[in-house]
Amino acid sequence: MAYSVVVRGTVYRAMCGNGNSLNLNSSGLKSVPEFVSRFPNLSVLLLCYNSISDLPTHFQSLCHLTELNLGNNALKEFPVVLSHLGSLRKLYLYRNKIDVVSPDAIGHLRNLVVLNLNHNNIQRLPPEIGRLRNLQHFTMLDNKLEELPDEVGCLKKLCTINLTFNNLSRLPQQLYSCKNLIQLYVARNRLTKLPEGITALVKLRVLDVAGNMLSIFPIEFHLLHLTELYCEENWLIKFIPVPLPPQPALLSLKELAARFVLLEVRKQFSLINLSLPHYPELKDLLSSSSCCTECKGPFLTSWVECVQFINLKKDMNMKSCLTIPVRSVLCSYKCFREQGPCYYAVETK
């Protein structure tokens with residue numbers, strides 16, 4: 001039979017190569033052959049373009065496996081048996097029917113560097129994803145992911161993450177803890193805003209947010225060193241100035257007191273800074289404070305929400321001549337009238 005010839009021929013080639021690599025791609029397999037477990041030193045196993053729906057228990061004997069490709073099969077869940085393959089560095093499970101990711105399975109794959117879950121039906125990722133401390137390339141293109149767990153911020157070595165074509169309505173603030181992130185793809189989701197603090201991603205070079213519902217970019221977005229930005233098909237604010245009252249608004253006593261305390265907190269040895277830990281309610285109140293885009297002074301409540309229109313070529317040294325709106329918050333009328341950047345108030349309805 002053609003099936004037997006193909007499989008045996010592949011096994012023979014693997015044996016001649018000391019059994020380190022086994023290629024069973026496009027072999028018409030409905031299950032993983034038992035003989036696979038006879039290669040204790042197997043490091044690379046290719047099983048894509050078959051009809052495999054689950055993995056047998058003998059699979060756990062492949063303790064030296066570093067690369068596994070099960071793309072284009074019929075798996076319905078993230079195989080639990082993979083939890084025994086602690087040496088795995090590259091795992092490809094694209095184009096299956098996976099809708100469940102087992103916390104026990106994914107949490108034990110701590111040596112993973114590459115994880116590809118493209119084209120599945122996954123709605124949720126377990127918090128255990130944060131245990132993959134060596135993960136550098138993570139892609140979940142074309143799934144049904146509704147939320148990215150906060151624990152993604154534990155992936156300190158992450159360089160690339162692709163979440164294009166999902167159902168995300170927000171990104172966790174913790175994502176900005178991935179300081180080695182170079183490429184972030186979140187196009188074709190349901191994002192209405194990006195979390196503040198994006199400038200923490202000092203190595204970010206490529207950002208794709210096309211096809212979302214963004215109206216404005218975060219504060220100091222233009223300080224990023226991007227080489228590529230894709231933001232078409234969003235709801236970005238247009239260049240339409242909104243008039244402001246000519247007279248400055250009076251600040252409340254609470255706001256004045258808060259600004260004074262916040263300035264004192266910046267001084268390491270000030271009495272207020274040293275006493276703050278004894279007043280948890282006040283500390284909690286001040287945790288929602290922000291910083292003026294213009295003078296960098298702290299405040300509890302912004303005087304006005306503004307927007308700067310940033311030209312990518314002129315202000316960010318990019319090839320594109322696109323102009324984008326970047327959010328700004330100002331502490332006073334004085335800062336709004338300062339010479340320098342042109343601020344425009346954001347109309348609220």
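**Helix α3.** I looked up the buried residues of α3 in this predicted model and found Glu 255, Ala 258, Arg 259, Val 261, Leu 262 and Glu 264. Buried means under 20% relative accessible area with a 1.4 Å probe, protein chains only. Helices are DSSP runs of H or I, at least four residues, and strands are runs of E, at least two, numbered from the N terminus. The cover over the buried residues of α3 includes α4 (271–275), α5 (280–286) and β12 (298–299); contact means heavy atoms within 4.5 Å.

**Conventions.** Residues are numbered from 1 along each chain as its sequence is written, and side-chain values use heavy atoms, without hydrogens and water. Local features need pLDDT of at least 70, side-chain atom pairs count only at pLDDT 80 or more, and totals for chains, interfaces and linings use all residues.

**Confidence.** pLDDT is the predictor's confidence in each residue, from 0 to 100. I noted a chain average of 89, with 89% of the residues at 70 or above. Residues 1–6 fall below 50; beyond near neighbours in sequence, this stretch has four contacts in the model. Where pLDDT is low, predicted coordinates should not be read in detail.

**Leu 45.** I placed Leu 45 in strand β2 (residues 44–46). Leu 45 counts as buried because its relative accessibility is 0%. Glu 67 is 22 residues away in sequence, yet 6.3 Å from Leu 45, C-alpha to C-alpha. Leaving aside neighbours within four places in sequence, the contacts of Leu 45 include Leu 22, Val 36 and Phe 59.

Technical notes. Buried < 20%, exposed > 50% of the residue type's maximum accessible area, 1.4 Å probe, protein only.
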